[in-house]
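Here is my note on the model you asked me to look through.

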Amino acid sequence: METKMQEKNISANELEQCVKCTVCTAYCPVLKVSVIYPGPKQSGPDGERYRLKSSLFMDNNIKYCLNCKRCEVVCPSGVKIADIIHSARETYGRQIPKVRDFILASTDLMGSVASPFAPVVNAVTGLGATKFVLDKVMAIDHRRTFPKYSGTKFETWFRKEAAPVQGTFKKRVSYFHGCYVNYNYPQLGKDFVTLMNALGVGVDLLEKERCCGVAKISSGMFDTARKHARINIASMEKAMSDGRKVLTTSTTCTLTMKDEYPDILGLDNTSVKDGIVLAIRYIYEMLEKGEAKIAFKEGYRARAAYHVPCHMEKMGLSIFTRKLLKMIPGMELVSLDSNCCGIAGTYGFKKENYARSQAIGKALFDNINAVNPDFVACECETCKWQIEMSTAYKVKNPVSILAEAVDIEKTKKLNNA
Amino acid sequence: MIPAQTTNDFDVIIIGGGITGTGTARDCALRGLRVLLVERDDIATGATGRNHGLLHSGARYAVKDSESAEECIRENTILRKIAAHCVEDTQGLFITLPEDEEIGYGLDYQKQFIDACTRAGIKATAMDPREAIAMEPSVNPALIGAVQVPDGSVDPFRLCSANLVDAKLHGAKVLTYHELVEIIREGDTVRGVRVRNKTTGQTSAYFAPVTVNAAGIWGHQVAEMAGVHVGMYPAKGALLIFAHRVNNVVINRCRKSADGDILVPGDTVSVIGTTSTKIPFEECDDVRVTPEEVDLMLREGSRLAPSLMTTRVLRAYAGVRPLVSADNDPTGRNISRGIVCLDHEKRDGLRGFITITGGKLMTYRLMAEMATDAVCEKLGVTVGCSTATTPLPGSESSDIKEISKKLWKMPTIAQKASVGRVGTRASQIKADDRFERSLVCECEQVSVAEVRSAMDNLDVHNLVDLRRRTRVGMGTCQGQLCACRAAGLLGKNRLCVKKEREDLASFMEERWKGLRPVAWGDALRGAELSAWEYSEVLGFDKEDEQ
Amino acid sequence: MKFDTIIIGGGLSALTCGIKLAKAGRDCLIIASGESALSFNSGSFGLLSRLPDGTAVEEPLKAIEQLPSSHPYVKIGIDNTRRYAASAKEFFADCGISLRGTERNLWRYTSSGKMKRCWLAMEDTTAFVSREDKVGDKALIVTVKGFQDFFPGFVAESLEKKGISCRCESIELDELDMLRSNASEMRATNIALTMEKDKIRKSFVKEISRIRQDEDMLILPQIFGYEDTRALEDIRKAVGMPVTFISTLMPSVPGIRTQKMLKKAFEAAGGTLMMGDCVTGAVIEGGKIKSVLTSNLGSYGLEADNFVLATGSFFGKGLASDFTKIYEPVLGLDVDASEKRDEWYSSSFFDRQAFIGFGVKTDNDLHPSRDGEAISNLYAAGSVLSGAESLYEGSGAGVAIITAMYAADKILEG
């Protein structure tokens, strides 16, 4: 239906719905630790009115935004504050990414170069001298622990070990594994495939998968991000043509492909948006509808502290994780206070952000230490790096926790798999 | 700086602090006259501050009124030079829509329009719809043709303030908030004026051989006080402000002038207008926008830019044009929008009294020149007019980036915004320490330093005046935070808290007047939030018992 | 996914209802689209300060008898209202929020120095039994240098009218001044966050002692107690003279703290919070809501036996308006509102505004209706209700709390 006169208030990223209530400023994790960042209100809707007049009014310090989207979660007016900020960086900023930003943003490229040499790369990035060079030359902070590169890419493992048996399943999903699973932590992907298979669901990879683009967006490489996004949309469209879903295990990839493609990159993703489903939600829904059954190991005991990653908070999907993990007999799930861990993807790797990043995360680290759990449950890979680097606790993806707690053989039988 | 006059004797007294009055004061002062300007409110409170802020190219008048068109393009070119910090070169489009064809304003008319522009000296270039959309993406995509002309936007508050600043720099004395109570006449000669200070209630008399009536629509009453009749016709024009810049190029309709056919981007907003309705003189002091006018503006506006259908409206306001019969015909049959300069000695046998009226914001400088010429002729002064070539204070350069870089090593957004508002005079805004740099008004990027500087240098008597000088409270929140903060600063400076409390209340009432006609959707949400904040947190409400 | 009760809205009313239900063992979900109006709270709750005819109210629970039958307090029954009002202090104390109040309205200072009535005062609000009450004769009014959202001058002028002499000072500390290096972010909440640090608070207290002359009372803005009331209590003890705290411009420190504490209490009682999501519609069958849909979850319905609509008024988007009408945007419920836009407002900004009294129609059990048909498992609570001119009456928080408690009990009874 055509919109009637003044029935709606439409503006780019809902800029004009702002009623200047200042609530966002009270919940911004960056503002809490830093005065360089102009804050969500000034960087977002306030600043945008001036930028619309002239790019002369662009404040480059808006780059200190973490894109955690907590401002959007607390905004009573529905303003897409972080999207305004990140769109402004492309529209008004003149950015040529530094080599450092290029490297950090190229999670895929670096991964495919590094993986075959994983032991060497891991050893080198862990070395004091290398860190010194990274720090001084590249401005990647030397205090930062680098994510390890795995020797065998997930894709390689999948083709060799898993792909041949997937044809035996009638029900199929496609899996967008993301750079992290592929290069750094294939175990999560393996857990996912094992679990899905046990639940009677076959898993295929997309014909072509590119990096979702989140690191590129945050480093200002919008064109590359767009190029990859188009390939991903096309691959997902193809996969979904038989009505199947594309499942993910990374919250940030999910948010990027569902929301940032249209809001920041200006791409139309309506054909695939609803078909991208976070695995944990998909599994919950299957169990709820009775489409699959699950059996847990006897004697499984764990006390987990659940950290809801910022992007999970934004997508509002943590209820599925909570409900699923609470199904596990012997699981004591403690909710951590809602806080940002501070890393925000590649943000915390940049030398200029390291101190800020750690300061932001402090409340979360203290909270975890106080709870003293067996491990932390969390869906996000970069939160995992940050928490594991900053506390003594292991972080597990809920999919891996399930895979660990489920009696795979029994579950297979229940689902005739 | 020439010190202001200390006695009550002047060469010329100018009544009215609108753009015509301040412009005339400047011209007279530049020519060495001892000038007194009296204004019953603040400067720019009448029609000056209540129009589109359009820097006409003259194209709008080219077909029907070539004289006005030529005046406009001449003044347009001059103002770009002398008032650089008040003018933004946006360029303008005159668009032809499919429905215009049906009423005889199709592309044939467009040709006629371009010819007329060319004859008047206005550069007019035809564009195909695609080019027009590329130049201004918000334009109605249904257009069948467009013409680019050198329109722009002009900030009337800044322009008026800059004229006043220069007049004062050249010795003029300015009395705002002084109400005219009498025009002192001796026989058939006007000797001066008696004014009442609205703050103290005190009355004083000032004398000069010539008095200029530059009071806009109120010039009608001023003339009556002098005992002469100027047949004026108050024509109300309503306008709406949208909450952000919808367009960056002025959009006009290429057809006979009608209601709501100009959309002008100005600073952080866009303005649509206007209407023309005759109203009684009694209503001139408090013109209000009706729901029907709001409706009309939105309907017509969305033909220019369809997104106006769904764009938040910030406020509504209306001004009164001082229309006048051009030919001394007291019946007013022949109303002109052109400039009218009446020497009442020649017209009515009243010596020492001149009325300058009609015209438009665009042609204020020319009007001032005409009035000053008339004054000089009476005084036997032969100094020529220099306002067409002398930049206004602040307009020595228009490059915000360049000016900012000269003043500060790392200019902040607010500092650049200040330069946008006061031009090179931003050098007066110190902003040395953290507090001075902090924002009073977050929507419009106004710093403590700029507020203080305006209070010290720009005849600011209250918060509403401050708004006209700095844009404090003109943004999306309409004074929710900034008005209180500014009141805090004003109160501290003046050590008069009680007055500031009243001042704050009247500021919010003034904001509400413009907000109320358009308070729906997010504007109503904002109004509710402000109402709670002012009543519950600040304790501002009409309580019966206190 | 199924819950016992789903509450739409996340403000004072929604949380009160949710905590009460969760504590009774019900599986509760709160869906909130952003933070609520509590974020701008003055540091106090009102029950009734003025009757619709303008009469000032001293004893709110007596005065409710004079309210019209359309008022929520009367709708749910005057006895119920009294009972819930009486239980409020204990209810909030259980959530860690200590409130002060009596059966008579108290007086508090607003930031312009003018006094206003209130029912319950938070710990940061100094409330007086009588408006003539004086804490001392000489007041030291202290603010943070560069803080623009507190007005010592206004406060001093009001106090001086009472015969209290005043001296205004501002304190400068490096850590606080750092905040000012950001042009916009020296806000009450950011100062309060800095003041959480013991060291900074100590230096602040030291400064106060240094500048104090012979003053016997201290006035401070509400800039203490970001996470809990520890900093607040500490300041009160440390300064060595009676302190009166006065509200600042938004965001409000006591309001945001209270909001956080209520959320914690809700989660601690087993409730589930979905923040930043927005209910987009509902499946209604046979006069009952079966499930609601949200913008994050798309077509996935959230089911419950009972639903509570506590979405607030216009600011909270419980009510919406456009060019031509006022409506309830979440479920399309029937509303009590004037159809003429001209009648929504007063010509003076500071007069009572009709639009603030608009809201959804309900029966006496607070069941709203759609197209004239009551929805039997839906309750409305708080400022989305019609019948209370909350701002004029000073009844915003009272209506929110009391109707929420009533709705919770109805659900528990059912």
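1. How far apart do the C-alpha centres of domain 1 of chain C and domain 2 of chain C lie? Please bear in mind that this is a predicted model. The distance between those two centres is 36 Å. According to the domain assignment of chain C, domain 1 is made of the segments 2–38 + 256–413, while domain 2 covers residues 126–246.

2. One residue of chain C to look up is C:L38, which sits in the loop between β2 (28–32) and β3 (44–45) of chain C. Is C:L38 buried or exposed? A residue counts as buried when 20 or more other C-beta atoms lie within 10 Å of its own, and C:L38 has 23 C-beta neighbours inside 10 Å, so it counts as buried. If neighbours within four places in sequence are left aside, the residues in contact with C:L38 are C:G11, C:L12, C:G255, C:T258 and C:Q259. With C:T258 the separation in sequence is 220 residues, although the two C-alpha atoms are 7.7 Å apart in space.

3. Strand β11 (residues 243–246) of chain C is covered on both faces, with C:V243 and C:F245 buried on one side and C:T244 and C:I246 buried on the other. This arrangement can be read against a general rule, which is that in a regular strand the side chains alternate between the two faces of the sheet. The partner of β11(C) to look at here is strand β10 (residues 217–221) of chain C, and the two pair in the parallel sense over 4 bridges. Within this pairing, C:L218 stands opposite C:V243 of β11(C).

4. Towards chain A, 32 residues of chain C are in contact with 31 residues of chain A. At least two residues of this side of chain C come from each of α6 (174–180), α7 (188–194), α10 (253–268) and β12 (272–275) of chain C. Sorted by class, the side of chain C that touches chain A has 12 nonpolar, 14 polar and 6 charged residues.

5. Towards chain B, 41 residues of chain C are in contact with 45 residues of chain B. The elements of chain C that give two or more residues to this side are α5 (152–161), α6 and α11 (354–357), and α5(C) gives the most, with 3 residues. By class, the side of chain C that touches chain B has 17 nonpolar, 15 polar and 9 charged residues.

6. Chain B contains 19 helices and 24 strands. Its radius of gyration is 23 Å, close to the 24 Å that the globule rule gives for 546 residues, so chain B is as compact as a globular protein of that length. Along the principal axes, the C-alpha trace of chain B spans about 65 × 60 × 50 Å. Of the 546 residues in chain B, 64% count as buried.

7. The domain assignment of chain B gives domain 1 (12–47 + 157–231 + 330–379), domain 2 (87–152 + 233–316) and domain 3 (400–537). The C-alpha centres of domain 1 of chain B and domain 3 of chain B are 30 Å apart, and their contact takes 8 residues from each of these two domains. On the domain 1 side, the largest share, 3 residues, comes from helix α7 (residues 156–169) of chain B. By class, that side has 4 nonpolar, 2 polar and 2 charged residues.

8. Chain A has 22 helices and 8 strands, and buried residues make up 57% of its 417 residues. In helix α16 (residues 279–289) of chain A, the buried residues are A:A279, A:I280, A:R281, A:I283 and A:Y284. They pack against α12 (186–198), β3 (246–248), β4 (276–278), α18 (318–327) and α21 (398–405) of chain A. After α16(A) comes A:G290, whose phi is positive, near 80°.

How values were computed:
Residues numbered from 1 in each chain as written. Chains lettered and ligands numbered in written order. Predicted model: local features only at pLDDT ≥ 70, side-chain atom pairs only at ≥ 80, totals over all residues. Domains from an automatic or database assignment. Contact = placed C-beta atoms within 7 Å. Nonpolar A, V, L, I, M, F, W, Y, C, P; charged D, E, K, R; others polar. Buried ≥ 20, exposed ≤ 12 C-beta atoms within 10 Å, placed from the backbone. Pairing = 2+ DSSP bridges. Rg over C-alpha atoms; globule rule 2.2 N^0.38 Å.
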